[in-house]
Amino acid sequence: MKPIRSHVSGASAVPANTAGPGGRIDLMHTFVRIVEAGSLTAAAQQLETTQPTVSRRLKALERSLGVRLLQRSTHRMRLTEDGERCYRNARELLDRWDSFEAELRGAHEAPAGVLRVLAPHAFGQARLVEPLARYLNAYPGMRVEWLLHDDRAIDNFIGAGIDCAIRVGEVSDPELVSIRLAEVPRIVVAAPALLAGRPPLETAHDLRPLPWISLGTYYRTRATLHHAPSGRACTLNFTPRLVTDSLYALRSAALAGLGVCIGSAWVFAEDLAAGRLVRLVPDWRAEPLPVHLVYRYAPHYPARLRCFVDVFREALPAVIDA
């Protein structure tokens with residue numbers, strides 16, 4: 001659901017008794033955002049307005065239609081029977097309206113407005129800002145809310161008002177469109193001090209007795225490595241000294257000599273070049289992680305999202321390999 005347009009502000013909300021078709025469409029935009037965000041407060045944040053303004057718009061729509069759309073109490077909000085019917089039809093109408101507007105304006109219009117994007121913390125900070133800058137420089141009418149979060153369970157695009165997300169790893173939600181952009185190589189590293197006095201490491205099996213650090217998002221007590229020349233696999237079981245959900249914390253722990261770890265090659269590149277970390281058993285590596293750009297299905301996708309997809313599809317492979 002794209003953010004409501006700038007003309008739908010608290011100061012310009014059209015009273016129900018004077019609202020024409022355009023005014024009612026704006027009120028329905030607000031109603032749909034309330035339902036999908038789950039509360040008036042959350043809807044107000046996503047629409048960049050105030051909760052009283054959103055409440056006034058809801059009441060204006062209810063007066064215009066002559067029905068009660070929501071039942072609200074201190075702790076919960078639920079749709080009435082009329083509200084459920086209104087939401088279904090309003091959602092469909094607004095999707096069709098967006099498609100109609102795009103057709104009239106032409107497929108090549110320059111995107112403008114706000115795009116809300118969810119991305120992983122480390123990847124979003126270190127590798128994705130460059131293609132993001134390309135997008136913003138190419139389309140000066142755009143603004144982006146760049147939301148960084150590592151919790152893969154946060155996939156409620158509708159409720160959070162997210163336009164799209166960049167996901168590292170497999171995407172299994174059948175309700176989302178998923179575009180594979182690139183792959184992130186993963187390697188095994190450790191601090192040189194951790195290896196002092198130990199026999200040389202020649203195969204993945206030699207990693208078993210070493211202390212381990214785990215990136216809980218992708219592996220915890222078991223990791224499988226593949227031998228690039230032969231394709232053979234080796235599964236290692238271990239009890240990690242440290243488990244983290246942060247790629248940067250994993251790197252810091254490895255630099256501190258706490259153990260062996262598996263992580264994205266890009267995050268270790270400078271440390272490997274400087275000798276602060278060493279790559280272990282280089283012929284062995286974990287499965288690369290796919291990078292997807294995902295968004296919800298819709299009859300029509302606005303120019304701001306289409307252009308974002310195009311920029312990231314072109315830019316991301318080179319950014320990962322840099």
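**Close-ups of a predicted model**

**View 1. Arginine 304 pairs up with aspartate 163.** The side chains of arginine 304 and aspartate 163 make a polar contact at 3.3 Å. This is a predicted model, so take that distance as a computed one. Arginine 304 sits in helix H11, which covers residues 303-321.

**View 2. Helix H11, end to end.** Here's the helix that carries arginine 304. With 19 residues at 1.5 Å a residue, H11 should span 27 Å, and its end C-alpha atoms are 28 Å apart, so the two values agree. Where does H11 bend? Look at alanine 315: the bend there is about 40 degrees, and proline 317 follows within four residues. Alanine 315 is also one of the buried residues of H11, a list that includes Leu305, Phe308, Val311, Phe312, Leu316 and Ile320.

**View 3. Glutamate 48, a non-glycine with positive phi.** Glutamate 48 has a phi of about 60 degrees, positive even though this residue isn't a glycine. You'll find glutamate 48 in the loop that joins helix H2 (40-47) to helix H3 (51-65). Its relative accessibility is 48%, so glutamate 48 counts as partly exposed.

**View 4. Valine 281, positive phi in a buried spot.** Valine 281 isn't a glycine either, yet its phi is positive, at about 35 degrees. This valine 281 lies in the loop between strand S12 (278-279) and strand S13 (284-296). With a relative accessible area of 5%, valine 281 is buried.

Notes
Residues are numbered from 1 along each chain as its sequence is written. This is a predicted model: local features need pLDDT of at least 70, side-chain atom pairs count only at pLDDT 80 or more; totals for chains, interfaces and linings use all residues. Side-chain values use heavy atoms; hydrogens and water are left out. Helices (H or I, at least four residues) and strands (E, at least two) are DSSP runs, numbered from the N terminus. Buried means under 20% relative accessible area, exposed over 50%, partly exposed in between (1.4 Å probe, protein chains only). A polar contact is a pair of N or O atoms within 3.5 Å; within protein, one must be able to donate a hydrogen and the other to accept it, and residues adjacent in sequence count only if both atoms are side-chain atoms. The expected span of a helix is 1.5 Å times one less than its number of residues. The bend at a residue is the angle between axes fitted to the seven residues ending there and the seven starting there.
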